[in-house]
Amino acid sequence: MNLYNGGAYLINGVEITQDAPKDTGMEQAKQGTIAYGILKEHNTSGNMSDLQIKFDALTSHDITYVGIIQTARASGLEKFPIPYVLTNCHNSLCAVGGTINEDDHMFGLTAAKKYGGTYVPPMQAVIHQYAREMLAGGGKMILGSDSHTRYGALGTMAMGEGGPELVKQLLSRTYDIKMPGIVGVYLKGTVQHGVGPQDIALAIIGAVFKNGYVKNKVMEFVGPGVSALSMDYRIGIDVMTTETTCLSSIWKTDSKTEEYLALHGRAGDYKSLNPAPVAYYDGMIEIDLSEIKPMIAMPYHPSCVYTIDEVNDHPAEILAEAEERARVSFGDKVAVDLQGKIKDGRLLVDQGLIAGCAGGGYENICDAADILRGRSIGSGAFTLSVYPASMPIFQALTKNGVFSDLIEAGAVIKTAFCGPCFGAGDTPANNAFSIRHSTRNFPNREGSKVQEGQISSVALMDARSIAATAANQGRLTSAAEIDGDYSRPQYFFESKIYENRVFDSHGEAAPDTELVLGPNIKDWPKMSALPENLLLKVVSEIHDPVTTTDELIPSGETSSYRSNPLKLASFALSRKDPEYVGRAQEVQKAETARIEGGAPEEVLPELAAVFAEIRHSYPDAGFGNTGIGSTIFAVKPGDGSAREQAASCQKVLGGWANIANEYATKRYRSNLINWGMLPLLIPEGDLPFTLGDYIFIPEIRASVVEKREELLAFTIKDGMLLGFTMKLGDLTDDERDIIKDGCLINYYREH
């Protein structure tokens with residue numbers, strides 16, 4: 001794999017050069033990418049430097065759609081202006097938390113009827129598979145409230161963002177960004193036997209995540225190697241581009257793309273997409289598919305990649321590295337023993353999973369069955385679960401006998417459900433090691449609870465190597481070691497499955513429909529506008545290299561409370577900093593007293609001395625014009641999920657800001673802004689504050705409104721004001737107004 005240093009031109013789709021062609025200037029060549037053309041068609045600003053995008057469709061699942069629709073309702077929603085698909089593939093198990101998951105589903109069904117949307121019942125399809133089968137098409141743009149919203153292989157530029165960005169689209173507003181960089185991914189060659197789409201994806205993630213090569217950019221897949229890949233391979237690679245921290249993805253299309261759409265009854269959605277004869281890319285990744293080997297992403301991140309052969313050759317060394325990563329994340333909260341799993345020189349794993357939007361595709365499962373046919377996973381601790389991504393795939397695998405082969409080998413077949421990907425199903429035993437063809441392996445994302453002494457570890461692998469490992473009853477095995485061809489039986493899509501079960505309003509709203517609001521569904525609490533000055537208390541300090549959204553607000557069973565802002569907020573940072581909620585609530589009580597005209601210093605006595613010190617330099621600062629809130633510091637927060645609750649839970653608890661050296665993703669920073677929180681930046685190095693310190697930011701409202709590049713701030717320490725500066729980074733005018741008004745809901749009420 002070769003990452004070009006600087007931009008590159010692609011000539012006639014097959015030649016890469018960094019030398020500018022004689023007849024085409026760079027600016028003209030930039031317009032030759034597929035991504036540029038799609039963005040131009042969806043941009044309403046008239047300015048390709050500052051985009052204002054209107055999407056063709058929206059997608060959400062049952063962890064996010066309640067909050068999104070509740071926010072939109074509070075902001076004046078009357079009808080879904082574009083197709084909006086509500087799936088139920090996350091909170092699908094209705095035994096968790098009483099009736100609340102099914103209550104959310106009833107809300108979703110009635111909302112689809114009232115506002116004119118589409119409702120996909122539980123276990124019918126995972127969100128992204130339904131969108132591939134029924135929604136995506138050439139030249140479209142789709143916005144989803146799940147971070148793995150990626151349909152580039154079908155010619156659709158799709159993006160995963162926090163819920164407030166979907167609210168903007170529901171209110172006929174726009175998605176505002178600077179023109180992103182576009183990075184070409186040039187594929188050549190053909191894959192080796194035993195190599196699957198996850199292997200290719202992990203190789204890419206390993207090459208580009210840590211260096212930020214594609215961060216917040218669009219990945220555009222081109223080159224002759226694209227046509228050598230089946231659609232299931234392209235889809236499997238594409239969905240994992242989220243783990244590179246890119247903004248979106250797009251692929252050139254061909255006859256295989258056309259066949260896929262026709263098979264699903266949507267031949268008219270095909271569009272031929274290719275770069276112009278001369279196209280300029282801001283970067284280029286050149287990949288020879290024939291050089292990719294079966295891969296594994298070791299705990300605890302998709303970028304911790306090795307070949308499976310490397311792990312088998314050096315298991316103790318590589319597992320020791322994973323144990324060290326565990327110590328960084330968990331400290332002494334749990335004892336992680338991975339080297340103890342080495343038996344006879346090979347890693348012995350405890351669980352295998354083929355599931356979800358990445359692993360549950362038809363071809364992945366068929367190839368896994370070919371490897372396991374006539375073999376057994378054994379009667380020991382090792383287990384294998386298989387989750388097809390949709391009921392049409394389930395039916396096809398039932399009819400052609402693939403499921404029969406898997407069941408005879410000892411696998412358990414389950415329905416379309418995203419739970420294993422975020423800790424709501426198939427949680428391994430304590431200190432167990434799981435291999436999964438899914439999307440993520442973040443710390444305790446698989447469902448263990450570090451605060452209760454539980455820990456298990458997940459590695460990402462392709463379905464083929466998972467099946468090969470299962471065939472060896474848990475001994476880590478590359479699929480390249482298993483001889484034999486893959487039968488690849490033809491796939492037949494049965495549209496009646498959805499026609500008979502999915503509610504589709506076809507865009508017709510029924511405004512008289514009454515929303516069903518279960519007892520767990522609560523409105524957002526009132527949120528204040530940004531005050532003249534801010535006093536922030538640092539209530540959590542995180543020095544991990546990256547902080548994931550799973551650590552900011554855990555997934556798993558807590559996901560059932562996503563429709564209850566106050567209840568959910570009680571879980572914020574619970575697996576990373578269990579004292580955070582109590583600290584934040586203590587500060588929030590003082591702010592509540594301030595707003596209600598009481599005496600904040602009586603609620604939080606330390607404030608009296610803090611304000612006395614502030615008034616030495618700022619005599620006009622007082623409880624009347626200075627808001628009191630909390631903040632957290634993290635080196636690089638926000639990797640992972642698009643979940644808005646990673647930010648909104650902090651806001652609900654009285655948070656006014658995050659302070660970071662860098663934000664891991666655009667979507668997390670956008671979530672902060674949309675919930676009225678300041679995305680503050682300080683340079684790497686010695687912190688001017690520590691846990692428990694107060695930070696005073698004078699004239700914060702004026703700084704936001706007047707677009708000041710730097711904010712003057714003071715740490716109150718040892719009876720002194722110690723000055724330092726922070727930045728907000730680029731903000732659009734609307735984003736400044738959202739922060740000024742206190743949150744997106746207030747902004748729409750105001751405007």
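Colleague: Which strand does Ala 297 lie in?
Modeller: Ala 297 is in strand E16, residues 295-297 (strands, E, at least two residues, and helices, H or I, at least four, are DSSP runs numbered from the N terminus). Mind that this is a predicted model, where local features need pLDDT of at least 70, side-chain atom pairs count only at pLDDT 80 or more, and totals for chains, interfaces and linings use all residues. Residues are numbered from 1 along each chain as its sequence is written, and side-chain values use heavy atoms, with hydrogens and water left out.

Colleague: Is Ala 297 buried or exposed?
Modeller: Ala 297 has 0% relative accessibility, so it counts as buried (under 20% relative accessible area; exposed is over 50%, partly exposed in between, with a 1.4 Å probe and protein chains only).

Colleague: What is Ala 297 in contact with, leaving aside neighbours within four places in sequence?
Modeller: Its partners include Leu 202, Cys 304, Asn 441 and Leu 460, with contact meaning heavy atoms within 4.5 Å.

Colleague: New topic: how many residues of helix H25 are buried?
Modeller: 9 of the 9, residues 666-674, so H25 is largely enclosed by the rest of the structure. Among them are Lys 666, Arg 667 and Arg 669.

Colleague: And what comes just after H25?
Modeller: Gly 676, with a positive phi of about 75°.
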